[in-house]
Amino acid sequence: MELMTNANTDTMTQKDSGPPTDSATLTGISKTFVAKGRTVHAVKDVDLSIRSGEYVVILGPSGCGKSTLLRCVAGLETPTEGSISLQGRPVYDAQQRINVKPNARQVGMVFQNYALWPHMTVEKNVAYPLRMRKQPKNTWDKRVTDVLEALECEALAKRLPAELSGGQQQRIALARALVYEPAILLLDEPLSNLDALLRVSLRIELMRLHRALGYTALHITHDQEEALEMGDRVVLMRAGSIEQMGPPEQVYARPVSPYAAHFLGVRNQTSVEVIDGVLRSKTGVISGSAALARGRVNNQKLELFVRGRDTDVFRLDDDQKAYAQGDSIVMEGNLAQVVLGEGGRRQYIVDLGGTQWFAQHAHDQDLRPGDPVAVTVPVKSVLLYHNEKLIFPASG
């Protein structure tokens, strides 16, 4: 990827070099550790291609292998098996015994704490990778100036890191990573140590900079909102393997497994069984569930998931029985609690036979804990799983 200053826009953009290509290709990457006599499979047979200019976010909990995978791309970890190419150039191949050193891989890194040298000015911090790679000194000033101008940080050039805000430090860390035109930018949970408000504002800033500069990025996080908001593509990892991969909208709408549903924020879950053409939970028959049970085997056990935002609560003594209308499933229970949720919105917690469900909508604002209620969900918003596989809605 070659970056240059555009005289008209005064930002750095990619040169037009023909059709999009893959900036990174990972094939069959595995990484095994031996710790205290126990073999740990940190990464298992991962295949991943990242297109030029694409922003890919790897999502998953601690210990799922996402950081190890990132470090394998950077050259900070050596895979046990597989191969890695950057812009078509092999940098690791287990069979061919290729293992290019980190400083020769043309990757940029942005760390959690930004890792700026506290005794160096901004311009010296940004120039540091050029010096370490022994690039001609007479090119440093222009490259540093270009990248600081692109990130609107030229006025900070003489400052020390301690004199910068969190957002300014993030920009300088990004400038330092981009100054030597890496094949791919690697971001190691760059927002995880920030408070909630700053995290949101810096997410927006990173997205703006990516749109402006067009660099290729591989970003890891455990925050599902961050992944869905920022990624052109989201890669969800589980125990060292890729559980699901796709555009954010697809991953959000159709989590492929209960694990994916849980991690993507689907809080409401209940076990159900197909009985005589309908679904039954431990509280009884689920009204309106015939469409979900259609074509299923009798006595088949399933897991039903629903997002809180798709859930309505009605008072059970509503004479009009409005909750029974429409293409929705209905379950009866008791209101357990009303709490103030995200954004100051009320959230209703309903006890369904010992299982707590969360709802964001209620058609009677005077509901009180203990009130009998009906929980309703549009059939189209239900996620249904059998043997760890999504069976409703159908894929595609």
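**Exercise 1.** Is Lys66 buried or exposed?

*Solution.* The model is predicted; local features need pLDDT of at least 70, side-chain atom pairs count only at pLDDT 80 or more, and totals for chains, interfaces and linings use all residues. Residues are numbered from 1 along each chain as its sequence is written, and side-chain values use heavy atoms, with hydrogens and water left out.

Step 1. Locate the residue: Lys66 is found in helix H1. Helices (H or I, at least four residues) and strands (E, at least two) are DSSP runs, numbered from the N terminus.

Step 2. Apply the cut-offs: buried means under 20% relative accessible area, exposed over 50%, and partly exposed in between (1.4 Å probe, protein chains only). Lys66 has a relative accessible area of 4%, and therefore counts as buried.

Step 3. List the surroundings. With neighbours within four places in sequence left aside, Lys66 is in contact with Ile58, Leu59, Gly60, Pro61, Glu189, Ile220, Thr221, His222 and Met237. Contact means heavy atoms within 4.5 Å. Leu236 is 170 residues from Lys66 in sequence, yet their C-alpha atoms are 9.0 Å apart.

**Exercise 2.** Determine where Glu77 sits and which residues Glu77 touches.

*Solution.* Step 1. Glu77 belongs to the loop between H1 and S6.

Step 1. Its relative accessible area is 19%, so Glu77 is buried.

Step 2. Not counting residues up to four places away in sequence, Glu77 touches Lys31, Phe33, Arg71 and Cys72.

**Exercise 3.** Describe the open sheet of 5 strands and the helix packed on it.

*Solution.* Step 1. The strand order is S4-S3-S6-S7-S8, and the pairing is antiparallel. Two strands pair if DSSP finds at least two bridges between them.

Step 1. Strand S4 (38–51) and strand S8 (98–99) are the edge strands, each pairing on one side only.

Step 2. Between strand S3 (residues 22–35) and S4 there are 10 bridges in the antiparallel sense. Val34 has Thr39 in S4 as its bridge partner.

Step 3. Helix H1 (residues 66–74) packs on the sheet and touches S3, S4 and strand S6 (81–86). The direction of H1 makes about 120° with that of S3. Here axes are lines fitted to C-alpha atoms, for helices over the stretch in contact, and angles run from 0 to 180 degrees between N-to-C directions.

**Exercise 4.** Follow the chain through S14, S15 and S16, and assign the faces of S15.

*Solution.* Step 1. Strand S14 (residues 268–275) pairs with S15 over 3 bridges, antiparallel. Ile275 stands opposite Val278 in S15.

Step 1. S14 and S15 form a hairpin with 2 residues between them, and Asp276 in that turn has a positive phi of about 50°.

Step 2. In a regular strand the side chains alternate between the two faces of the sheet.

Step 3. The bridge partner of Ser281 in S16 is Gly284, and the S15–S16 hairpin has 2 residues between its strands.

**Exercise 5.** Characterise the second largest pocket and the largest cavity.

*Solution.* Step 1. On a 1 Å grid over the protein atoms alone, a cavity is a set of points where a 1.4 Å probe fits but cannot get out, and a pocket is an open set with protein on both sides within 12 Å along at least five of seven lines; lining residues have an atom within 4 Å of a point. Grid points are joined across faces, edges and corners, and a volume is the space filled by probe spheres set on the points.

Step 1. The second largest pocket holds about 450 Å³ of space. Its lining has 17 residues, of which Met109, Phe111, Tyr128, Arg133 and Tyr180 lie nearest the centre. Strand S9 (107–110), helix H2 (122–132) and helix H4 (166–178) each supply at least two lining residues.

Step 2. A search of the whole structure finds 1 cavity of 30 Å³ or more. The largest cavity contains about 40 Å³ of space. Its lining consists of Thr270, Ser281, Lys282, Thr283, Met331, Leu352, Thr355 and Trp357.
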